Amino acid sequence: EIMQAFWHIELVQVKAIQHLTSFVRDKSAFPYLLMVTELIAFAMKTHVDSLKVQVDSCSLLLEILNPALEQDVMMALDENMISSLLATVRKHSESEELLSLVYTLLMMLSASEVVAENLWELGVIPDLLSILRNFIHNENICLPCCGVLWSLAVSETNVDRALLASAVPVVFEVLQEHIQNGAIAESACSALWALSLQGCLTENEYEPTTALLLDALRMNPGRPVLVKNACLALASLLRLSETAALRLTMDSKGSGINLIKDAYCLHFDDPEAVENICILINEMVQYEDVVLDMLSQKMEELLFEIKCRFPSR
């Protein structure tokens, strides 16, 4: 009631949001917090110039959203909420703390097809790519931005492939910059996979992207999600290009075949990881020269072991 009565007074909104934040650890208050998300969005829109209102509001929304997703509870997050978040980005494009909060929110929300469609309609990608270019060093910005890109690329909405294609060199740069950070590398690999599925990579990008994905596997062999994402991205590239397939087998830093065998040895007990490795192998055997390399490195032994371990798959 106070937020509604004094909607135009910034200090009142700040105090009210801080007061609401004090209840986030109280499970009995959670249903009531869900009801105030629209008021928070209105405060953000009304006081868009106030960095304090924006940071505190986004922090509170994250505190509400995390348990909501865990409990599979729907939040009242309509287009007004999304547009408020994008307005915040455009107004405070130099605040790294706020950008990290906003894009983390958007990453979590964009799993919803409705939200992904809203993001497309509201033109989120140019802003997102600009932010990534400006803050390529910031891990807390790069990770959620790649997550949003993945959601948009796999969305059932009629995607703008030309716009998505402009994201490829930016995501490539993110993966190069943060290749030793497993979480960001996972997110960037998933984004590259989705972009390649949409046909967004050019022929000139196939070979360097293949090499970079192999580097990501080398640097982060123990991360199952990265292995799954990288294998799917590589499979997508091999489906498009023999050049990518040859780069995989003749990479200057070592054969990709050995990387695949190592990945299997580390994740043989993860059926999804093994399945994605098999998807990649299936694309490799489409090329005669690659098959010869696979035979020379006894890949048939690996395939036989997989067949015995997973007879029903």
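Mentor: Let us begin with burial: buried residues make up 53% of the 313 residues in the chain. This is a predicted model, in which local features need pLDDT of at least 70 and side-chain atom pairs count only at pLDDT 80 or more, while totals for chains, interfaces and linings use all residues. Residues are numbered from 1 along each chain as its sequence is written, and side-chain values use heavy atoms, with hydrogens and water left out.

Trainee: Why is aspartate 215 called buried?

Mentor: Buried means under 20% relative accessible area, exposed over 50%, and partly exposed in between (1.4 Å probe, protein chains only). Aspartate 215 has a relative accessible area of 13%, so it is buried. Arginine 218, at 24%, is therefore partly exposed.

Trainee: What makes aspartate 215 and arginine 218 a salt bridge?

Mentor: The term requires a side-chain nitrogen of Lys or Arg within 4 Å of a carboxyl oxygen of Asp or Glu. The closest N and O atoms of aspartate 215 and arginine 218 are 2.9 Å apart, so the pair qualifies. Both residues lie in helix H14 (residues 203-219), three residues apart, about one turn of the helix. They also belong to a network of salt bridges that links Glu207, Asp215, Arg218, Arg247, Asp251 and Lys253. By this rule the chain has 13 salt bridges.

Trainee: Which parts of the chain does the salt bridge of lysine 91 and aspartate 49 tie together?

Mentor: The closest N and O atoms of these two residues are 3.1 Å apart. Lysine 91 is partly exposed at 47%, and aspartate 49 is exposed at 56%.

Trainee: How many helices and strands does the chain have?

Mentor: There are 20 helices and zero strands. Helices (H or I, at least four residues) and strands (E, at least two) are DSSP runs, numbered from the N terminus.

Trainee: How do you know that domain 1 and domain 2 are in contact?

Mentor: Contact means heavy atoms within 4.5 Å. Six residues of domain 1 meet this condition with 13 residues of domain 2. The domain bounds come from an automatic or database domain assignment, which gives domain 1 (1-65 + 103-110), domain 2 (112-200) and domain 3 (213-312).

Trainee: What is meant by the area that domain 1 and domain 2 bury?

Mentor: Buried area is the accessible area (1.4 Å probe) that two parts lose on being put together, summed over both. Domain 1 and domain 2 bury about 850 Å² between them, 72% of it on carbon and sulfur atoms. Tyr103, Met107 and Ser110 supply 73% of the area that domain 1 buries against domain 2, more than any other three residues. Across this interface the rule finds zero salt bridges.
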